[in-house]
Amino acid sequence: MKVAIASDHAGFAMKKELIDFLSSAGHDVIDYGPSSEESVDYPDYAAKVAEAISEGTAERGILICGTGLGMSIAANRYKGVRAALCLYPEMARMTRKHNDANVLVLSGRLIGVELARRIVEVFFETGFEGGRHERRIRKIDDLPDLRRRSD
């Protein structure tokens, strides 16, 4: 599977570990940065992964920041992106089954690498149930964009 991954400075160390983990599992990993622990702005990196998912360049994405909250908010602004912050494997299982999440968001400061690996495993091994959940995802996709426009 083609996987897009990015982090901010707080998630950099975990990102490096997960790239090795995903590659050893046979995934084609695209690292969208950053390339060091130097302070960066998480929306810039959330945008890169969200665009890859939205445009079909990658099938799944992983984003990591300090809490995971900022990355989640930023990534979910993109059409077709269903980013979910998961702190436990069961959250990963349920967001795949019920929400067909395509971007996993992790916290570089609130969970350790071993737990992150397990969450990633569950996220990648769990399928979407479809059925009534498909109808609900379509409803989300159909929600109006109510952001102010500068016309």
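Let me start with the core. The largest nonpolar core has 22 residues, and I5, L18, L22, I62, L104, L106 and V120 touch the most other members. By nonpolar core I mean a set of buried Ala, Val, Leu, Ile, Met, Phe, Trp, Tyr and Cys residues joined through side-chain atoms within 4.5 Å. Buried is under 20% relative accessible area, exposed is over 50%, and partly exposed is in between, with a 1.4 Å probe and protein chains only.

A word on the source. This is a predicted model: local features need pLDDT of at least 70, side-chain atom pairs count only at pLDDT 80 or more, and totals for chains, interfaces and linings use all residues. Residues are numbered from 1 along each chain as its sequence is written, and side-chain values use heavy atoms, with hydrogens and water left out.

β1 (2–7), α1 (12–24), β3 (60–65), β5 and α5 (113–125) each supply at least two of its residues. Helices (H or I, at least four residues) and strands (E, at least two) are DSSP runs, numbered from the N terminus. Which element gives the most to this core? Helix α5 does, with 6 residues. Take V120. Setting aside neighbours within four places in sequence, V120 is in contact with L18, F21, L22, I62, L104 and L106. Contact means heavy atoms within 4.5 Å. There is also a second, separate core of 19 residues, and I53, M71, A74 and V103 are among them. As general background, nonpolar side chains in soluble globular proteins tend to be buried together.

Next, the cysteines. How many disulfides are there? The count is 0, where a disulfide is a pair of cysteine sulfur atoms within 2.5 Å. C65 is buried, at 4% relative accessible area. C86 is buried too, at 1%.

T95 sits in helix α4 (residues 89–99). Is T95 buried or exposed? Buried, with a relative accessible area of 8%. Beyond its neighbours within four places in sequence, T95 contacts A84, C86, D100, A101 and F123.

D100 deserves a look. D100 lies in the loop between α4 and β5 (103–107). Phi of D100 is near 50°, a positive value in a residue other than glycine. Then there is P34, in the loop between β2 (28–31) and α2 (42–55). The peptide bond from G33 to P34 is cis, with omega near 0°. For context, most residues other than glycine have a negative phi, and most peptide bonds are trans.

On to Y42, in helix α2. Y42 is partly exposed, at 34% relative accessibility. Y42 and A6 are 36 residues apart along the chain, and their C-alpha atoms are separated by 9.1 Å. Not counting residues up to four places away in sequence, Y42 touches D8, G70 and M71.

Last, the largest pocket. Its volume is about 410 Å³. Which residues lie nearest its centre? Of the 14 lining residues, these are N76, R77, Y78, I140 and L143. A pocket here is an open set of points on a 1 Å grid over the protein atoms alone, where a 1.4 Å probe fits, with protein on both sides within 12 Å along at least five of seven lines; lining residues have an atom within 4 Å of a point. Volume is the space filled by probe spheres set on the points, which are joined across faces, edges and corners. By class, the lining has 6 nonpolar, 2 polar and 6 charged residues. Here Ala, Val, Leu, Ile, Met, Phe, Trp, Tyr, Cys and Pro count as nonpolar, Asp, Glu, Lys and Arg as charged, and the others, Gly among them, as polar.
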